[in-house]
Amino acid sequence: MKPHFDAQEIITRHLCMAADVEKYSRLDTPAQEAFQSDLVRVLEEAAVLSGLDRTSWERQPQGDQEFAVLPLETREPLVVGSFVRNLAVRLGERNANLAEGARMRLRLAIDFGVARTAALGYSGPAPVSVARYLNASQLKRVLGTLDSTDLAVIVSDRVYQDVVRLRGEGEGLDPDRYVRVHVQEKEFSGYGWVHVPEHGPEELEPLVADPKPDSAAAPAPTHVVKGNRDGVFHFGSGDAARTMHKKYYR
């Protein structure tokens with residue numbers, strides 16, 4: 001008699017991906033609806049052009065973004081290589097000759113790991129890490145600064161080491177065109193690799209570097225103890241200390 005395994009008891013790892021529309025909240029309702037339709041269309045067109053079957057993807061629409069869990073048999077190099085390049089082309093064609101406010105620009109995050117269906121979507125480390133990579137400040141900064149591109153991509157260190165560094169089985173992946181970043185979002189901490197199809201690492205590295213602290217800003221006093229003429233002493237810290245510092249030491 002064969003042992004019975006519940007589908008959720010079998011640990012499987014999937015390629016997970018999320019795409020998010022930049023500055024979606026600035027749009028009015030009709031524009032949001034048009035952007036959602038166009039987001040689905042460009043993702044479908046990129047998949048078809050890459051030989052991927054999106055009907056087999058488990059997708060979770062979230063308004064201005066889509067999270068997807070791809071089937072086990074998905075060729076990862078195809079997604080990281082052809083799909084990303086075709087998505088960049090389709091976005092470029094969609095945005096051609098449009099006014100600045102009508103352009104649709106995307107952040108795309110890709111990781112590989114456990115993702116299981118749950119009551120409100122998906123559970124497991126991969127959906128969480130994809131969400132954190134998607135919101136990485138470095139990725140937002142790259143897309144916000146490079147006006148000439150419509151797509152900024154980040155892959156996890158796992159995907160980079162396992163897929164990109166092997167040059168993707170003929171998919172033309174170039175490891176030197178990815179820039180490593182450390183992502184710290186909420187409780188998540190890990191390395192990822194930022195890639196923009198039309199831009200090289202020399203353009204990306206200054207954008208992903210941590211901002212330098214503002215040396216001109218005066219350090220905030222942490223504690224102030226001051227007595228007035230009546231012999232009354234005031235104690236403070238944080239904002240209170242800042243206020244008292246201005247009052248007594250100006």
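How many bridges join strand 8 to strand 9, and do they run parallel or antiparallel? I looked this up and found 7 bridges between strand 8 and strand 9 (residues 188-195), with the two strands running antiparallel. I note here that the model is predicted.

As a reminder to myself, strands of a sheet pair through backbone hydrogen bonds, either parallel or antiparallel. I also looked up Arg 180 and found it opposite Trp 193 of strand 9.

**Entry: helices lying across the sheet**

**Entry: helix 2 with helix 5**

I looked at how these two helices pack. Their axes are 10 Å apart and the angle is about 95°. Angles of 65 to 115 degrees count as roughly perpendicular, so helix 2 is roughly perpendicular to helix 5. From helix 2, the contact takes in Glu 76, Pro 77 and Val 80, and from helix 5 it takes in Val 159, Val 163 and Val 164. By class I list 5 nonpolar residues, no polar ones and 1 charged.

**Entry: helix 1 with helix 2**

Where do the axes of helix 1 and helix 2 come, and at what angle do they cross? I find that helix 1 (residues 29-49) and helix 2 (residues 76-95) have axes that come within 8 Å and cross at roughly 135°. The two helices are therefore oblique to each other. I recorded the crossing of helix 1 past helix 2 as right-handed. On the helix 1 side, the contact residues include Phe 35, Asp 38, Arg 41 and Leu 49. On the helix 2 side I listed Phe 83, Asn 86, Leu 87, Arg 90, Leu 91 and Arg 94. This contact has 9 nonpolar, 1 polar and 5 charged residues.

Methods:
Residues numbered from 1 in each chain as written. Predicted model: local features only at pLDDT ≥ 70, side-chain atom pairs only at ≥ 80, totals over all residues. Heavy atoms only, no water. Axes fitted to C-alpha atoms, helices over the stretch in contact; angles between N-to-C directions. Helix = DSSP H or I, 4+ residues; strand = E, 2+ residues; numbered from the N terminus. Parallel < 35°, antiparallel > 145°, perpendicular 65-115°, else oblique. Left-handed = near helix turned anticlockwise from the far one by under 90°. Contact = heavy atoms within 4.5 Å. Nonpolar A, V, L, I, M, F, W, Y, C, P; charged D, E, K, R; others polar. Pairing = 2+ DSSP bridges.
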